[in-house]
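Please look over the chain shown here. The report below goes from the whole fold to single residues.

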Amino acid sequence: MSSNQSQKTVAEKTDQNLLKAIFDKYAKKRNQGEKLMSYEDFINDYLGLGVTDENIVRLLGSCVHNSKNGSISFNEFCAMELLLSSADAYYKLAFRLFDTNGDGVITFDQFKYILLRTVANHVAPFNFEGEFVKRYFGEKRNRQITYLEFCEMVKHLRHELNMQSFRKYDNDSTGSITTHAFTELVLKTREECLSSYVKQNLRRVVGNLTSDRVNFAYYSAFIDLLSDVDIAEEIFIRATENFGKDTITKEEYLQTAQLCSQITPLEVDILYRLCESSNWTGSMSRSDIHKLIPDYLRDCSKRSVIDTMPTKQEPQTASQENVKSSRGFFGGVAESVYRFALGSIAGAVGATAVYPIDLVKTRLQNQRVKLVGEMMYKNSFDCLVRVVKVEGFFGLYRGLLPQFIGVAPEKAIKLTVNDLLRDKLRSKDGRLSLFGEIVSGGTAGGCQVIFTNPLEIVKIRLQVAGEVPGLRLSAVQVIRDLGLVGLYKGARACFLRDIPFSAIYFPSYAHLKPVFANKDGSNGPTSLLVAAALAGAPAASLATPADVIKTRLQVQARKGQTTYTGIIDCARKLMKQEGFRAFWKGAPARVFRSSPQFGVTLVTYELLQRYLYIDFGGSVPSGSPMALAQQSLPMSSGSPYVSRNPDHIGGMKLAVASFTGIETKFGIALPKFELPS
């Protein structure tokens with residue numbers, strides 16, 4: 001995996017409680033009451049690498065810590081997770097593999113000890129008397145290599161291994177070998193880099209060469225390409241972004257590759273030769289590149305473990321039932337209370353920001369044809385001007401106090417119920433269907449009516465009170481006049497409006513967030529505001545007819561105004577007396593009010609969750625630093641480098657790819673180091 005991908009891994013600390021639960025599950029050893037993982041527990045049981053050679057298990061297990069004592073403590077497990085989250089995880093792991101004493105330096109003897117155990121050494125014994133060894137360890141081989149020096153050395157080690165292996169088959173020293181020898185050499189020394197697709201097409205690729213001989217440049221480029229398929233894929237992704245299409249021609253790929261300087265034209269040529277098939281069109285897709293990824297790595301990325309601990313990303317990869325069991329009943333209750341509190345604050349902020357628009361919308365919707373005299377307002381702007389002129393600037397905030405008090409629980413219950421149901425309705429693999437999103441949003445909208453209806457009827461009556469000269473109403477007076485039953489007048493219309501609104505809004509918002517996220521999948525305040533505001537437009541406009549009916553039912557009719565007995569009666573009279581357009585009265589004002597209101601509300605809600613973050617073991621907002629900290633790559637990317645094992649969280653999701661990367665990246669293939677088929 002490339003360094004850019006690695007840098008996407010973990011920006012924040014992974015939940016230690018969740019790591020502890022996972023560690024305890026696999027730790028089978030005890031020492032003075034402390035649970036410990038053996039190397040076997042970590043390498044085979046936890047990572048599932050399937051190593052059968054005890055010596056190799058010991059070598060790989062010792063990479064976890066410097067003590068090399070055969071047991072892994074929880075603190076060392078956490079440190080390993082943090083190491084795997086770093087951009088140079090491959091190099092750090094490889095350094096620990098060679099640093100068999102844990103001294104922080106590598107001697108020639110340690111270097112030799114590891115290389116003697118590689119697969120390549122059994123095919124073509126490494127020349128420990130050559131220039132490569134002298135260059136790094138000195139003529140007397142007594143130099144010690146530090147970590148930074150090792151990074152430079154191991155980068156060139158793969159080329160040295162390629163050269164020495166090739167020389168073994170180049171008996172005539174012509175700089176070329178037969179195609180048969182090439183195939184045999186690749187299969188024997190670098191089988192860990194080969195997918196079943198590459199193995200099947202290896203002879204076809206070399207058979208299409210202009211000569212029956214393969215030179216060292218071609219062999220080296222072939223191995224480099226298969227060792228860096230992740231880089232080839234990253235360049236492909238950049239090319240699709242640059243050219244705006246899903247398939248890329250060889251010329252388009254070359255243009256992008258030259259900007260990266262990470263892959264040569266010869267490697268690009270080999271890449272396109274490998275991807276050719278019977279239905280080849282000359283353009284390469286991402287799925288073509290995935291065919292080159294070793295089978296065991298692809299299988300690992302699809303692997304899931306039943307009854308394992310979950311991650312907390314959005315969308316999550318683990319069963320929500322396991323999340324609940326890990327945090328307990330009271331943890332779930334505490335999280336709901338926490339969300340409710342933040343939702344209350346966010347709702348109050350959002351409502352205050354757009355209240356003048358809401359007042360204009362209400363007064364326009366309440367204009368009735370049967371009112372004696374002329375219509376009071378021509379349009380939204382005229383209404384705004386008249387209110388300021390007649391009632392003053394603060395007339396735009398008439399009825400704000402009950403709105404401010406009531407909107408807090410209203411928005412809080414909507415946000416809390418939506419989040420809660422999204423968690424509950426996820427499938428076992430952590431996915432949430434569109435139907436589940438709609439049900440979550442619609443149910444949240446229905447639940448809020450218990451607060452919305454009393455709030456709306458009081459607010460509306462206060463908002464239209466300013467139309468009658470000399471009429472002064474207070475919220476207390478309105479509540480006293482209506483009584484408990486009266487506060488829920490028009491509740492059916494309120495259901496008719498709020499359920500579809502939320503059923504449209506929340507799924508739209510969830511799908512728009514990743515659209516406006518940056519390349520790392522992160523959402524800043526601006527992208528959150530844009531996504532939330534855009535999601536509010538269709539939701540608000542499509543629910544306007546129900547909102548008009550609700551307003552007519554809840555406003556107390558004055559003398560000369562049409563009265564209504566219910567939803568159906570109101571709809572009939574509206575159509576008969578005012579026409580179809582009456583159902584869309586105030587739609588622009590409603591859109592301009594709801595879109596920014598929910599934009600401000602959702603931005604406030606998510607930012608509060610980030611800055612006042614408390615980990616309850618549930619889900620976190622997608623696109624937030626917490627979500628990015630718990631996922632190495634977005635699952636939607638279909639990356640084969642990310643483990644789908646729910647017990648692999650944070651940096652551990654890259655553990656298998658990182659350990660196998662020691663083989664593929666540096667050519668240090670150890671025997672019996674493969675996943676079981």
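## Overall make-up

This is a predicted model. The protein chain has 31 helices and seven strands. It holds 677 residues, and buried residues make up 57% of them.

Take the contacts in the protein chain with a separation of 6 or more: residues 24 or more positions apart account for 72% of them.

## Helices α10 and α13

Two packed helices are described by the angle between their axes and the distance between the axes. Helix α10 spans residues 147-169 and helix α13 spans residues 216-227. They pack at an angle of about 135°, and their axes are 10 Å apart. Angles over 145 degrees would count as roughly antiparallel and 65 to 115 as roughly perpendicular. α10 and α13 are therefore oblique to each other. Their crossing is right-handed.

On the α10 side, the contact is made by Arg 158, His 159, Asn 162, Met 163, Ser 165 and Phe 166. On the α13 side, Phe 216, Tyr 219, Ser 220, Ile 223, Asp 224 and Ser 227 take part. The residues of this contact divide into five nonpolar, five polar and two charged.

## An enclosed helix

Helix α16 covers residues 265-275. Eight of its 11 residues are buried, so α16 is largely enclosed by the rest of the structure. The buried residues of α16 include Val 268, Ile 270, Leu 271, Tyr 272, Leu 274 and Cys 275. Glu 267 and Asp 269 are also among the buried residues of α16.

## Buried polar and charged side chains

Arg 552 is found in helix α27, residues 544-554. Its relative accessibility is 1%, so Arg 552 counts as buried, the cut-off being under 20%. What does the side chain of Arg 552 make a polar contact with? The partner is the side chain of Glu 578, at 3.0 Å.

Asn 418 sits in helix α21, residues 400-424. Asn 418 is buried too, with a relative accessible area of 4%. Leaving aside neighbours within four places in sequence, Asn 418 is in contact with Ser 440, Gly 441, Ala 444 and Phe 506.

## Loop residues with positive phi

Most residues other than glycine have a negative phi. Lys 68 is not a glycine, yet its phi is positive, at about 55°. Lys 68 lies in the loop between α4 (54-61) and β3 (71-72). Is Lys 68 buried or exposed? With a relative accessible area of 19%, Lys 68 is buried.

Arg 141 also has a positive phi, of about 60°, although it is not a glycine. Arg 141 is placed in the loop between α9 (131-137) and α10. Arg 141 is partly exposed, with a relative accessible area of 22%.

Asn 66 is partly exposed, with a relative accessible area of 42%.

Which residues does Asn 66 touch, not counting those up to four places away in sequence? They are Arg 96, Asn 101 and Gly 102. Asn 66 and Arg 96 are 30 residues apart in sequence. In space they are 7.5 Å apart, C-alpha to C-alpha.

Conventions: Residues are numbered from 1 along each chain as its sequence is written. This is a predicted model: local features need pLDDT of at least 70, side-chain atom pairs count only at pLDDT 80 or more; totals for chains, interfaces and linings use all residues. Side-chain values use heavy atoms; hydrogens and water are left out. Axes are lines fitted to C-alpha atoms, for helices over the stretch in contact, and angles run from 0 to 180 degrees between N-to-C directions. Helices (H or I, at least four residues) and strands (E, at least two) are DSSP runs, numbered from the N terminus. Angles under 35 degrees count as roughly parallel, over 145 as roughly antiparallel, 65 to 115 as roughly perpendicular and the rest as oblique. A crossing is left-handed if the near helix is turned anticlockwise from the far one by less than a right angle, and right-handed if clockwise. Contact means heavy atoms within 4.5 Å. Ala, Val, Leu, Ile, Met, Phe, Trp, Tyr, Cys and Pro count as nonpolar, Asp, Glu, Lys and Arg as charged, and the others, Gly among them, as polar. Buried means under 20% relative accessible area, exposed over 50%, partly exposed in between (1.4 Å probe, protein chains only). A polar contact is a pair of N or O atoms within 3.5 Å; within protein, one must be able to donate a hydrogen and the other to accept it, and residues adjacent in sequence count only if both atoms are side-chain atoms.
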